[in-house]
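Subject: Structure handover

Hello,

Here is the structure for you to look through. My notes follow below it.

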Amino acid sequence: MSDFIKRKFETQNIQEKQTVEFENLLKNNISVILGEPASGKTKQLKQFEKENSDDVHFVELVNIETESNLEFVQNKKYILLDSIDESLRVNNMNSKQLQNRLTAYIKECQNMNSEIKFLITCRQFEWKEYFEDELKKLDEELIIYQILDLEKTDIDELLRQNEINQDEFWKYISDNFLDSLLKNIFIVQTIIENYNEYKTKAITYIDIYMDIKKQLL
């Protein structure tokens, strides 16, 4: 199953909001992507890493304590720091300790390569609650982006990639009152992945969530 769709992002902390492509985020010294779980943040970062492996270092922030030897930074253009919020839940660090470790890590990398760019992902609540003020001290021009919900054209592209008839799919969604679920890419992928089974019967959002739960377990 092909399951990647290039996402769009909206600026949050500048006077006039703009909708931009992922590449625009990489022009800033530090950029932040906000979005709820399964909204597609990590998928977008990993796709960019896959396509630009020589220039990119991907760090799951739950593993930031293992990032001690930073000589590789000299040969990289981008560091992608994924899931601040997950690190808070998994590591034995409180928010202040993680703040300090994150800012220290960024400073260490910048000392070795002043041209390197950082892209950080986080959920909305944890960002404003714990990290926004500290990271703005590192970069006053830091720009915050919200990952945007999927549009119909995005879903149509996924359907095309997976050779699913678009008219048939949208009729099925309408007949089963599933339209409200299609903003989240993980749910869309679950429906597409199971579509041949789903389309033979009526399905509810509870059935879909149960299939997602089985996948995660």
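How many aromatic pairs does the count come to? The count comes to 7 aromatic pairs, in what is a predicted model.

One of them joins F48 and Y78, edge-to-face, with 5.5 Å centre to centre and 70° between the planes. F48 belongs to helix α2 (residues 41–51) and Y78 to strand β5, so this pair ties together parts 30 residues apart in sequence. Ring pairs link F48 and Y78 with F9 and F22 into a cluster.

Another pair is F169 with Y195, which is tilted, at 5.6 Å centre to centre and 55° between the planes. It links distant parts of the chain, with F169 in helix α7 (residues 166–175) and Y195 in helix α9 (residues 195–198), 26 residues apart. F169 and Y195 are buried.

Strands β4 and β5 run parallel and are joined by 5 bridges. In β4 (residues 56–60), 4 of the 5 residues are buried.

On to the cores. The largest nonpolar core has 25 residues, and I79, L81, I84, L102 and W127 touch the most other members. Helix α4 gives the largest share of this core, 5 residues. Beyond its neighbours within four places in sequence, L102 is in contact with L61, I64, L81, I84, F131 and L135. A second, separate core has 23 residues, among them I164, W170, I187 and V188.

Regards

Conventions
Residues numbered from 1 in each chain as written. Predicted model: local features only at pLDDT ≥ 70, side-chain atom pairs only at ≥ 80, totals over all residues. Heavy atoms only, no water. Core = buried A, V, L, I, M, F, W, Y, C linked by side-chain atoms within 4.5 Å. Buried < 20%, exposed > 50% of the residue type's maximum accessible area, 1.4 Å probe, protein only. Helix = DSSP H or I, 4+ residues; strand = E, 2+ residues; numbered from the N terminus. Contact = heavy atoms within 4.5 Å. Pairing = 2+ DSSP bridges. Phe/Tyr/Trp six-rings, centres within 6.5 Å; stacked < 30°, edge-to-face > 60°.
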